[in-house]
Amino acid sequence: MAETARTLRLIADLRAAGLLEGVEITSGYRDATLNRCEGGSSHSRHMSGGAYDFDLARDADTQALCDFWRRRGPASGFGLGFYDARHLHIDTAGFRTWGEDYT
């Protein structure tokens with residue numbers, strides 16, 4: 001539960017900063033069966049409720065989101081992963097990023 005609360009606080013901070021305008025949450029908590037079905041890692045943070053996936057608005061400012069991650073990520077353990085330009089993963093499992101171009 002603590003992991004969920006920490007991640008939801010981060011998401012609230014991102015919303016307050018205007019960085020999640022027009023997003024759609026596409027995945028949150030997953031039990032082990034759903035996580036396997038989704039192709040998630042056996043150590044997925046989704047299974048503890050500490051990870052969320054989003055579809056960004058077409059005009060989302062991903063540079064501002066990355067800047068926020070660089071500024072606030074180390075202190076909050078903000079993990080930011082891009083599946084592609086409009087689909088991302090946010091968790092608080094450690095300061096890291098991933099994606100096609102690692103930006």
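**Charges, fold and confidence**

Modeller: Let's begin with charge: the chain carries 12 positive and 15 negative side chains, and the centres of the two sets lie 6 Å apart. Lys and Arg count as positive and Asp and Glu as negative, leaving out His and the chain ends; each charge is placed at NZ of Lys, CZ of Arg, CG of Asp or CD of Glu. This is a predicted model, where local features need pLDDT of at least 70, side-chain atom pairs count only at pLDDT 80 or more, and totals for chains, interfaces and linings use all residues. Residues are numbered from 1 along each chain as its sequence is written, and side-chain values use heavy atoms, without hydrogens and water.

Biologist: How many helices and strands are in the chain?

Modeller: Helices (H or I, at least four residues) and strands (E, at least two) are DSSP runs, numbered from the N terminus. Here there are three helices and five strands, in the order α-β-α-β-α-β-β-β along the sequence.

Biologist: What share of the 103 residues is buried?

Modeller: Buried means under 20% relative accessible area, exposed over 50%, and partly exposed in between (1.4 Å probe, protein chains only). In this chain, 40% of the 103 residues count as buried.

Biologist: Where is confidence lowest, and where highest?

Modeller: pLDDT is the predictor's confidence in each residue, from 0 to 100. Confidence is lowest in strand β5 (residues 96-98), at a mean of 90, and highest in strand β2 (residues 51-55), at 96. For the chain, the mean is 92, with 96% of residues reaching 70 or more.
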